[in-house]
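Welcome! Let's take a short tour of charges, rings and surface patches, beginning with the view below.

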Amino acid sequence: MQLSSRSLRLSDIDADLIDHIRAASRLMVRELGFMQATVAATDYPPSAVHTLLEIGAREAMTAVELSAFLGLEKSSVSRMIRKLIDAGELKEAASAGDGRVKRLLLTAKGRRTREAIEAYGQRQVTNALQQLAPAQRQKVAEGLALYAEALEAHRLADAQTPDRTLARRS
């Protein structure tokens, strides 16, 4: 019998495996610098660094798209965008289709910052992978991709599930 991912419980999966993955995830967060106030050799917090990377990768995003993509509250994203605009990293431009919609774009300074972040990340990953044999490197790439996709799938499934807490209160 095959269980759906939504019906799995802690008892269905080896508790030691879960503990091992959680510990490795915490270590990775620390080693990538996400516990610091700023990351990637910038003066920006992780959410701002991620914003610069994602807008740069897509060339433009709206605040609503960015909020959904990052999984952050719209008010938090609005404050962060304002700080990045004030710092000269981002600019707003009216959408060609709807002038009321503001697209966020990197400025020249933002493109330079993004390039520096990308270079930092490339060095960090390269240095880590040099510690591994080629076959291990491939396992890391595949495992991280699978794990990240599973985390995303769970988050998206939860976002589509009605809040049962409200239903119980009624």
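Rings of Phe, Tyr and Trp count as a pair if their centres lie within 6.5 Å. This is a predicted model, and a search of the whole structure finds 0 aromatic pairs by that rule.

An aromatic ring does meet a charge here, though: Arg58 lies over the face of Phe69, at 4.3 Å from the ring centre. Arg58 also takes part in a salt bridge with Glu54, where the closest N and O atoms are 2.4 Å apart. Why can these two meet? Glu54 and Arg58 are 4 residues apart in helix α2 (residues 46-58), so about one helical turn separates them. In the whole structure, the search finds 3 salt bridges.

| Partner of Arg58 | Contact | Distance |
|---|---|---|
| Glu54 | salt bridge | 2.4 Å between the closest N and O atoms |

Now to the surface. Which residues gather in a patch of positive charge? They are Lys91, Lys109, Arg111 and Arg112. Helix α5 (residues 108-129) gives the largest share of this positive patch, 3 residues, and Arg112 has its place in that helix.

The surface also carries a nonpolar patch, formed by Met28, Val29, Leu32, Phe34, Met35, Val140 and Leu144, with about 570 Å² of accessible area together. Two or more residues of the nonpolar patch come from each of α1 (15-31) and α6 (134-160). Phe34, for its part, sits in the loop between α1 and α2.

Definitions and conventions: Residues numbered from 1 in each chain as written. Predicted model: local features only at pLDDT ≥ 70, side-chain atom pairs only at ≥ 80, totals over all residues. Heavy atoms only, no water. Phe/Tyr/Trp six-rings, centres within 6.5 Å; stacked < 30°, edge-to-face > 60°. Lys NZ or Arg CZ within 6 Å of the ring centre and 35° of its normal. Patch = residues over 30% accessible without salt bridge, like charges linked within 9 Å, V, L, I, M, F, W, Y side chains within 5 Å. Areas by Shrake-Rupley, 256 points an atom, 1.4 Å probe, with all protein chains shown as cover. Salt bridge = Lys/Arg side-chain N within 4 Å of Asp/Glu carboxyl O. Lys, Arg positive; Asp, Glu negative; His and termini not counted. Charge placed at Lys NZ, Arg CZ, Asp CG, Glu CD.
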